[in-house]
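Thanks for coming. I will take a few minutes on one chain, so please have the sequence and the structure open.

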Amino acid sequence: MGHDESAATSHVLYLGAVESRTNTVERELESRADVTVYATTSTEDALERLAWPDIDCLVVAHRTDQFDGIEAAERVCETHPCLPVILFASPDSESAATRAVGTAVDEFVVHEGPGAFDTLATVISDLSFDDDIGDVHTADPEGPFVANVDAATVDRLRRDGIDRGRLEELLHKSRLFDSIFDSIPVHLYVKDEQARHRYVSAGYFEDTLDEFLGKTDPEIGMVANRHARRAYVEDMHVIEEDESVIDKVEYLPMLDQWNLTSKVPWRGPDGDVVGLIGVTRDISERKARQEQVRRQNERLRRFANMVSHDLRNPLQLALLRLELARDADDFEAVAENLDSIERALERIDELIDDVLTLARQGAQVVTMSPVDLDDVVNVTWSSVDAPDATVERDGALGTILGDESRLRQLMANVFRNAIEHGGASVTVRVGPLTSATGFYVEDDGPGFPDAGGDDLFDAGYTTSSDGTGFGLSIVREIAAAHDWMVSATNGTDGGARIEFTGVERPDS
């Protein structure tokens with residue numbers, strides 16, 4: 001995810017508890033002002049988004065009965081104290097204006113009628129983050145920017161009559177100080193009252209320390225301009241307001257690096273603030289692990305829904321065949337129904353094995369091997385409980401690389417989708433693509449009402465009163481696990497057509 005720093009458009013983050021309202025605010029604001037609105041429904045997601053340095057203003061919803069925007073604003077501003085905040089309160093929040101005084105909230109707008117969005121757009125324009133720092137620091141700072149009090153300095157101080165014991169103590173502390181700065185595996189720094197680097201640890205930038213000393217962040221040029229300018233504004237806030245910033249998560253696009261930063265005021269002998277002390281740690285690996293866990297949990301959740309959906313069909317088929325077997329008058333009919341029940345139970349067993357493997361490994365299970373796709377179609381169609389439906393071939397599909405169990409699951413869901421929407425007597429056609437590496441499955445049913453839209457593959461999306469909405473979502477998951485692309489369109493007979501591209505073959 002990247003953001004264009006050169007664009008003049010202001011970037012606004014809207015934090016509200018109700019997704020439908022966040023969509024409304026996003027639409028209304030973007031129609032009234034030159035702003036790009038990013039919407040989120042949780043404080044945690046807002047903090048994640050604010051790790052990027054492009055947000056100019058935060059708008060927080062406040063509803064007495066649903067979402068405490070003042071509390072959310074205070075939490076956000078613990079790590080983003082310079083971010084302008086507007087409270088967008090519902091009309092029934094009369095006490096909110098009084099509560100907001102003295103908090104992180106800068107402006108208060110009542111969400112009452114369409115005119116409120118005009119007011120909000122104006123306030124955003126007036127309040128948006130101004131990170132043009134200008135030339136506010138001197139170019140020639142006083143005092144040397146060196147980290148070590150060397151022996152020559154000590155001799156000079158001794159000649160001036162400084163107490164030897166005190167000098168030795170200072171020398172010991174200086175060497176300890178330098179040892180810490182030379183060896184600590186983080187970015188540790190001390191800045192003066194004008195936010196210029198006085199001391200910098202060697203942990204991250206040992207070869208470029210001279211680029212830091214005596215300079216503010218915007219003068220170094222190591223990160224994106226907007227990030228550097230905002231870091232400077234934040235530095236001056238810590239120094240001038242005597243307020244710490246603790247554990248702020250930041251993302252640096254130029255370095256593709258996630259950082260965790262804390263800054264506290266640095267006090268002189270008389271207790272006055274003379275600068276700041278900061279520490280920044282690279283947490284990119286931690287963020288990568290967190291993202292991996294988040295994706296795994298999301299996959300587990302989706303896969304659980306998919307498996308429960310897929311279990312239903314063979315279970316219902318087994319129950320139906322069991323009933324038929326009980327009513328059968330001859331041995332052959334009983335045997336036929338028992339064979340069908342066995343195939344359904346085997347399919348259930350395969351699905352259970354898959355979900356257990358997924359739970360243990362935390363990832364989509366795909367074992368790639370040569371698979372005869374025509375056999376997959378035959379086996380899968382034989383388990384379809386639609387005696388009046390037919391399947392046709394438009395050429396041989398051949399052998400591909402894939403996970404046979406997953407491919408049968410994919411085909412079962414495509415066939416099921418065709419029957420659910422095309423009717424019990426639908427005709428399904430399967431064939432290779434002529435213009436790309438892949439294959440298609442189409443039917444002669446009514447087709448997709450929104451052919452080409454990504455919504456068709458979203459979990460829960462369905463146009464059938466009997467559908468669960470998970471069928472095509474399962475198809476997309478399995479295709480993605482094979483690194484295939486899947487798309488939906490309408491076929492040659494006007495019915496639904498699903499195409500799979502990027503399919504590999506053993507000899508490719």
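In which strand does Asp 247 lie? Asp 247 is in strand S8, residues 245–252; helices (H or I, at least four residues) and strands (E, at least two) are DSSP runs, numbered from the N terminus. Before going on, note that this is a predicted model, where local features need pLDDT of at least 70, side-chain atom pairs count only at pLDDT 80 or more, and totals for chains, interfaces and linings use all residues. Residues are numbered from 1 along each chain as its sequence is written, and side-chain values use heavy atoms, with hydrogens and water left out.

Back to Asp 247: its phi is positive, about 55 degrees, although Asp 247 is not a glycine. Asp 247 counts as partly exposed, at 43% relative accessibility. Here buried means under 20% relative accessible area, exposed over 50%, and partly exposed in between, with a 1.4 Å probe and protein chains only. Asp 483 also has a positive phi, near 65 degrees. Asp 483 sits in the loop between helix H14 (471–481) and strand S16 (485–490), and at 67% relative accessibility it counts as exposed.

Next, the chain as a whole. It has 14 helices and 17 strands, and 43% of its 508 residues are buried.

Now helix H1, residues 19–32. Its 14 residues reach 20 Å from first C-alpha to last, close to the 20 Å expected at 1.5 Å a residue; the expected span is 1.5 Å times one less than the number of residues. Which residues of H1 are buried? They are Thr 22, Val 25 and Leu 29. These cover an arc of only 60 degrees around the axis, so they are on the same side of H1; the arc is that of the directions from the helix axis to the C-beta atoms. The face turned away from the buried side carries the exposed residues Arg 27 and Ser 31.

Last, salt bridges: a side-chain nitrogen of Lys or Arg within 4 Å of a carboxyl oxygen of Asp or Glu. The count by this rule is 23. In one of them, Lys 191 pairs with Asp 217, with the closest N and O atoms 3.0 Å apart. Lys 191 lies in strand S6 (187–192) and Asp 217 in helix H8 (217–220), so the pair ties together parts 26 residues apart in sequence. Both Lys 191 and Asp 217 are buried. A salt-bridge network links Lys 191, Asp 217, Glu 234, Asp 235, Lys 248 and Lys 263.
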